[in-house]
Amino acid sequence: MLAWPEAWGPRPGRQVNPFWWPPTLIVRQAMSAFLVGALTRWRKLPNWFLRYGFRCLPGAGGSRGMGCIGFPDHPVWEMTTACNLDCIHCHTAGGEPADDELTTDEGKYLLAELAQVMQFRMMAFTGGEPLMRPDLYELLAYSQALGFRNTIATNATLINDQVAQQLRENGVVIAAVSLDGFTAETHDKIRGLPGSFEKAVRGMRALTNAGILLHINITAMEYNVEQIERLMTLVNELKTGILLIYQLVPVGRGRVIENAVLDKDANRWLIEFMANAQRETNAIMEPVAGPQYWPFLIKRAHMSSGMPLWLAEKVFHGCAAGRGFIYIKPDGAVWPCPFIELSCGNVRDMAFKDIWSGSEILNQLRNREWLLKGQCGDCKYRRLCGGCRGRAWAAKGDFLAEDPCCFIHDDVRKG
């Protein structure tokens, strides 16, 4: 255990339950992976399970199943809007740090409050770029002392072997790195900085060398969708354990490039591609802003009724906005997810547990299957999928509206 600097104040005691308790959590997570393997005929599942599966468990601690934005039941703290890149699709519109970001002491208080939520075992730190925040290691260490397993979302351009080792020593078990192009030209154009591709690849290699599980995020849009297939080769080469394929949601800076959002036909193509690519890919793949993936797999396997559908609903979670997953902005505002720009309350004004249990917005999302509108409300997969609530918000200004890019509705009518 690393020495605790006196300047950091008293070390907190452990408050978070271990990721393996109760054991049923691990059983559910294993069931999720094995069901994905069966539905996609994933040839690499045994190798993934032995090489990465056990290492994924701490980062998925407390989850009830696979959903949108990875596993639900975890908080994500957007620590800062400061960033060294200028990505064209950034939902944070990152650049300079905001004037009203939570201070170090406020951050520690937030972490202690989050530790009181029984479901939370993993703590995710994001930005902007978390490494731009000078107190990052102090906050990571505080989170680790509370008992959280830490994950970090980073562009990796600031990571070398020394930084990667420091992250590891301060409790980071998984690092989520954005990779938006197979070529440097495409990635650098999207990221707004020449050389960012080479720096990101260097950073990813440093992370894996330090023993941190690599989790890659790809945001699919019209500017790079034709490179997604070739990206799978690079994902495998980089020894990736988890791969999340996002779809561009036009919020934040992404509003400027709304024309690059995938339409319904492109959404169908991407979902089908994921289902087919999983068969040969080393990493486990999950959708973000594309919860139609789960009903697509179930329908393709002729499991869309009775006991098979019931089982799928137990281990797949669909849209996770506000349903376990929660997003905290730099100023302390609590959002259901980064794509639903609505505050459920602010941790500077009230206790997180009161926001968590008392927010009308969160309660509506947790009971969404009875409240969804349009075709999503009529869909038999509203529990399994629920549509992307972020896309509904971006398109209609209503997080309960139907998902405008869902093709499952059309298929249900035909079937």
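Rings of Phe, Tyr and Trp (its six-membered ring) pair if their centres lie within 6.5 Å; planes under 30 degrees apart count as stacked, over 60 as edge-to-face and the rest as tilted.

**Entry 1: ground rules**

I am working with a predicted model, in which local features need pLDDT of at least 70 and side-chain atom pairs count only at pLDDT 80 or more, while totals for chains, interfaces and linings use all residues. Residues are numbered from 1 along each chain as its sequence is written, and side-chain values use heavy atoms, with hydrogens and water left out.

**Entry 2: aromatic rings**

I searched the whole structure for aromatic pairs and got 13. I looked up Trp42 and Trp48: their ring centres are 5.5 Å apart and their planes stand at 45°, so this pair is tilted.

Next I asked myself: is Trp42 buried or exposed? Trp42 is buried, at a relative accessible area of 5%. Trp48 is buried too, at 6%.

Then I turned to Phe352 and Trp356. Their ring centres lie 6.0 Å apart with planes at 25°, so I noted the pair as stacked. Both residues sit in helix 12 (residues 352-358), four residues apart, which is about one turn of the helix. I found both Phe352 and Trp356 buried. Helices here are DSSP runs of H or I with at least four residues, strands are runs of E with at least two, and the numbering starts from the N terminus.

I also noted a cluster in which ring pairs link Phe34, Phe49 and Phe54.

Arg51 is partly exposed, at 40% relative accessibility, whereas Tyr52 is buried, with a relative accessible area of 3%.

Arg51 also turned up in a positive surface patch, together with Arg14, Arg55, Arg149, Arg168 and Lys239. A patch takes residues with over 30% relative accessible area and no salt bridge, joining like charges within 9 Å and nonpolar side chains (Val, Leu, Ile, Met, Phe, Trp, Tyr) within 5 Å.

**Entry 3: salt bridges**

Side chains of opposite charge can pair when their charged atoms come close. I count a salt bridge when a side-chain nitrogen of Lys or Arg is within 4 Å of a carboxyl oxygen of Asp or Glu. How many salt bridges does this rule give? The count is 13.

I looked up Arg191 and Asp180, whose side chains meet at 2.6 Å, N to O. Arg191 is in helix 6 (residues 184-191) and Asp180 in the loop between strand 5 (172-178) and helix 6, so the bridge ties together parts that are 11 residues apart in sequence. Both partners are buried.

Glu341 and Arg255 make another bridge, with their closest N and O atoms 2.4 Å apart. This pair ties together parts that are 86 residues apart in sequence. Glu341 is partly exposed at 22%, and Arg255 is partly exposed at 45%.

Glu313 lies in helix 11 (residues 306-315) and Arg383 in the loop between helix 14 (374-378) and helix 15 (389-396), 70 residues apart. Salt bridges with shared partners join Glu313, Glu369 and Arg383 into one network.

Terms used:
Areas by Shrake-Rupley, 256 points an atom, 1.4 Å probe, with all protein chains shown as cover. Lys, Arg positive; Asp, Glu negative; His and termini not counted. Charge placed at Lys NZ, Arg CZ, Asp CG, Glu CD. Buried < 20%, exposed > 50% of the residue type's maximum accessible area, 1.4 Å probe, protein only.
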